[in-house]
Amino acid sequence: MSDNTNRTIQSFVRRSGRLSAGQKYGLNDLWSQYGIEPEAGQAIDLNAVFHKQQDIILEVGFGNGDSLLQMAINEPHHNFLGIEVYEAGVGRLINEAHKNNLTNLKIIKEDAVDILSNNISASSLAGFQLYFADPWHKKKHHKRRIVQNEFMDMISEKLIDGGFVHMATDWEHYAQQMMETLEKHTHFKNTLNAHTYSVRPERRPITKFERRGERLGHGVWDLIFTNEK
Ligand SMILES: C[S@@+](CC[C@H](N)C(=O)[O-])C[C@H]1O[C@@H](n2cnc3c(N)ncnc32)[C@H](O)[C@@H]1O
């Protein structure tokens, strides 16, 4: 067991429910093509798991997977690693990836904090994406937010020098916390001026939770930083 303090962040609640036939097919029949099951305490050889060796972008918490699917289709020159605990979303994404014959996408169905702590090598990722992470908006729950100093230290270590961090959220208070955490970190540099949020870049498709936020009248804040070690 690692003594990494990140293990204390419990950033998700497991959602359950009936799986559709397509989700089951993705989770069971197609798992060996798309799923990765890391071994305890062992770093995954990421270059060996993808069809082609090219830059790897990690997305944590892809939800139903629709935006990650679209990105993987749009960017065949990147490999995408998605980590999500929501089974229905994992099954759906794998099923859709298969329909689109994608070979640049792999999935881990575990807690991303554990996987990053124990199974991802330093300087192995070219980018890190976190879209509409659970906001834990009540003050007493802020400690469950995934974006915290220790977590971002770990992300910086796993990213290559010059790698990027792209986050988006529809909760202003969380956006401010993300900005503060990234700006005070010695390695992360805003791609825009200090304290400046980005507009959604064209490469980021609108996500399911983003649409939900829009219906509730929320704003959207994108943050794009580089990792300069
Ligand atoms: C609010 S949803 C957003 C989903 C998607 N990105 C979107 O914008 O539609 C956040 C997702 O992050 C996942 N999640 C939160 N913490 C996680 C963790 N530590 N490891 C893996 N998945 C996590 C949750 O299961 C949930 O599906």
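**Close-up views of a predicted model**

With 10 C-beta neighbours inside 10 Å, H195 counts as exposed (12 or fewer other C-beta atoms within 10 Å of its own; 20 or more is buried, anything in between is partly exposed, and C-beta atoms are placed from the backbone). A quick note before the views: this is a predicted model, where local features need pLDDT of at least 70 and side-chain atom pairs count only at pLDDT 80 or more, while totals for chains, interfaces and linings use all residues. Residues are numbered from 1 along each chain as its sequence is written.

**View A. H195 sits in the loop between β6 (188-190) and α9.** Helices (H or I, at least four residues) and strands (E, at least two) are DSSP runs, numbered from the N terminus. Phi of H195 is near 60°, a positive value in a residue other than glycine. Most residues other than glycine have a negative phi.

**View B. S123 is in the loop between α6 and β4 (125-131).** S123 isn't a glycine, yet its phi is positive, about 50°. Is S123 buried or partly exposed? It counts as partly exposed, because it has 13 C-beta neighbours inside 10 Å.

**View C. M179 belongs to helix α8 (residues 172-184).** M179 counts as buried, since 20 C-beta neighbours lie inside 10 Å. Setting aside neighbours within four places in sequence, M179 is in contact with H195 and L223 (contact: C-beta atoms, placed from the backbone, within 7 Å). M179 and I224 are 45 residues apart in sequence, and 9.7 Å apart in space from C-alpha to C-alpha.

**View D. Helices α4 (residues 66-74) and α5 (residues 87-99) have axes that come within 9 Å and cross at roughly 25°.** Axes here are lines fitted to C-alpha atoms, for helices over the stretch in contact, and angles run from 0 to 180 degrees between N-to-C directions. That makes α4 roughly parallel to α5 (angles under 35 degrees; over 145 is roughly antiparallel, 65 to 115 roughly perpendicular, and the rest oblique). L68, L69 and A72 of α4 make the contact with L93, E96 and A97 of α5.

**View E. The ligand is surrounded by 23 residues, and the closest are F12, G61, G63, F132 and T207.** A residue is near a molecule if its C-beta atom, placed from the backbone, lies within 6 Å of it. The elements giving two or more residues to this shell are α6 (112-119) and α9 (208-215). Which element gives the most to the shell around the ligand? That's α9, with three residues.

Methods
Contact = placed C-beta atoms within 7 Å.
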